[in-house]
Amino acid sequence: MADNKVYRASTTAPVNIAVVKYWGKRDPKLNLPTNSSISVTLSQADLRTLTTASCSASFDGDSLTLNGQASDISGARTQACFRELRARRAALEAADSSLPKLSTLPLKIVSENNFPTAAGLASSAAGFAALVRAIANLYELTDSPSELSLIARQGSGSACRSLFGGYVAWRMGDKADGTDSKADLISEASHWPNMRALILVVNAAKKDVPSTSGMQQTVATSGLFQQRISQVVPANMILMEEAIRKKDFPQFAEVTMRESNSFHACAADTYPPIFYMNDASRAAIRAVEAINAQAGKTIAAYTYDAGPNCVIYFLEEDEATVVGAFHRFLSGVSGWKASAAEAKSSVELPENIAGILKDGVGRVIQTGVGEGPEKTDEFLIAEDGQTVQR
Ligand code: ADP
Ligand code: DP6
């Protein structure tokens, strides 16, 4: 009788939001970046991907179901992840003939994001990190998170940073084969646990230029970009690592905001130009500036990825001031934690800024720094190989 045993493993993985931005590839096939980057991993209590990986001779070829829908896995990025993980499992099997030959079996992957997919909330980062971590668990690979980040990077560049919690660097490396372009830990979340994030999810009228093609256009056409990768980012990498190690929020905040500005300036310097921020995004920048001015010190930092949503970093001790300043006029949108209603802020945002944000912000997410992928006994595929209906 054929062995139709179903092998399975599950993991959760987090979103990360960069404070030194990845923008530009020197090798699009291997997803090798033109510069190093740094991110903060966000708590999985608020934003997470849950992925179950399974394999069995009874399955009919490889498959991925994402949020209940069959997902195309024929793309080079997903295929690269499957191939690399299978090769590592095959090496273990070659060294120990008692191991079941999982590398030869079809893979069935089922995944769920507990937040909107492809809405500029870094689902691809959490998604590919979870895919790689789940299959690595299934195959019982002993590779370190840094080694696995080499594989996740090929799924989506920013995904390599989601294999760690806390404060994470992606070192660009210089080898042509990409074997030194991987993520490593700057500091655990516990080193600076009071970092918080408020995400203003901004209504967008149209789809942005996807990051993959946007950054290619920037590399090809922006003169400003050359200065960014040769001077701006190398200096900011040093300043940001230092800020994190010293837990120096004003320095962390200034580099975060300058980095966001530099990235969006390069997007605008792309020919034809790319605009990711809209009126609400720009109003949120003014709001953060007003908060810092009224507080008399830098207590909040904005950053934007390839879309209009604003991520505001601040420390827990300033939560009432920062959260309260927005909650005052955004209390009608969803996503606030119960404590937000009690947040008494001394900051009063100018009416014109509050008005634009009131029109433009659709929901908020309150979160903070968090841990890396976590193995879980919650399965999206049952013991018999069937997808769990939820
Ligand atoms: P986002 O802004 O959310 O990162 P992108 O358009 O950059 O949006 O990426 C979305 C893509 O990431 C999806 O189409 C899918 O290919 C991939 N992705 C998202 N979530 C997952 C997941 N849980 N598992 C596997 N792939 C995922
Ligand atoms: C602006 O990682 O989505 O969020 O490697 O092509 O999948 P691909 O790009 P992706 O780009 C993220 C860009 C960014 C900045 C960052 O996360 O560092």
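User: Which polar backbone atom is 3.0 Å from an oxygen atom of ligand 1?
Analyst: In this predicted model, the backbone atom in question belongs to G120, and an oxygen atom of ligand 1 is 3.0 Å from that polar atom.

User: OK, and what do the side chains of N113 and S123 do around ligand 1?
Analyst: N113 has a polar side-chain atom 2.9 Å from a nitrogen atom of ligand 1, while for S123 a polar side-chain atom lies 2.6 Å from an oxygen atom of the ligand. Taken on its own, ligand 1 has 570 Å² of accessible area, and the protein covers 74% of that.

User: Which residues come nearest to ligand 1?
Analyst: There are 13 residues around ligand 1, and those that come nearest are S111, N113, G120, S123 and S124. By class, the shell holds 8 polar and 5 nonpolar residues, with no charged ones.

User: Which element gives the most to that shell?
Analyst: That is α2, which contributes 3 residues; both α2, spanning 123-138, and β9, spanning 107-113, supply at least two residues each.

User: Switching topic, how do α1 and α3 pack?
Analyst: Helix α1, residues 76-95, packs against helix α3, residues 145-155, at an angle of about 155°, and their axes are 7 Å apart. Angles over 145 degrees count as roughly antiparallel, so α1 is roughly antiparallel to α3.

User: Which residues meet there?
Analyst: From α1 the residues are R77, A80, C81, E84, L85 and R88, and they meet E147, L148, I151, Q154 and G155 of α3. By class, this contact between α1 and α3 has 5 nonpolar, 2 polar and 4 charged residues.

Conventions:
Residues numbered from 1 in each chain as written. Chains lettered and ligands numbered in written order. Predicted model: local features only at pLDDT ≥ 70, side-chain atom pairs only at ≥ 80, totals over all residues. Heavy atoms only, no water. Near = heavy atom within 4 Å. Polar contact = N/O pair within 3.5 Å; in protein donor to acceptor, adjacent residues only side chain to side chain. Areas by Shrake-Rupley, 256 points an atom, 1.4 Å probe, with all protein chains shown as cover. Helix = DSSP H or I, 4+ residues; strand = E, 2+ residues; numbered from the N terminus. Nonpolar A, V, L, I, M, F, W, Y, C, P; charged D, E, K, R; others polar. Axes fitted to C-alpha atoms, helices over the stretch in contact; angles between N-to-C directions. Parallel < 35°, antiparallel > 145°, perpendicular 65-115°, else oblique. Contact = heavy atoms within 4.5 Å.
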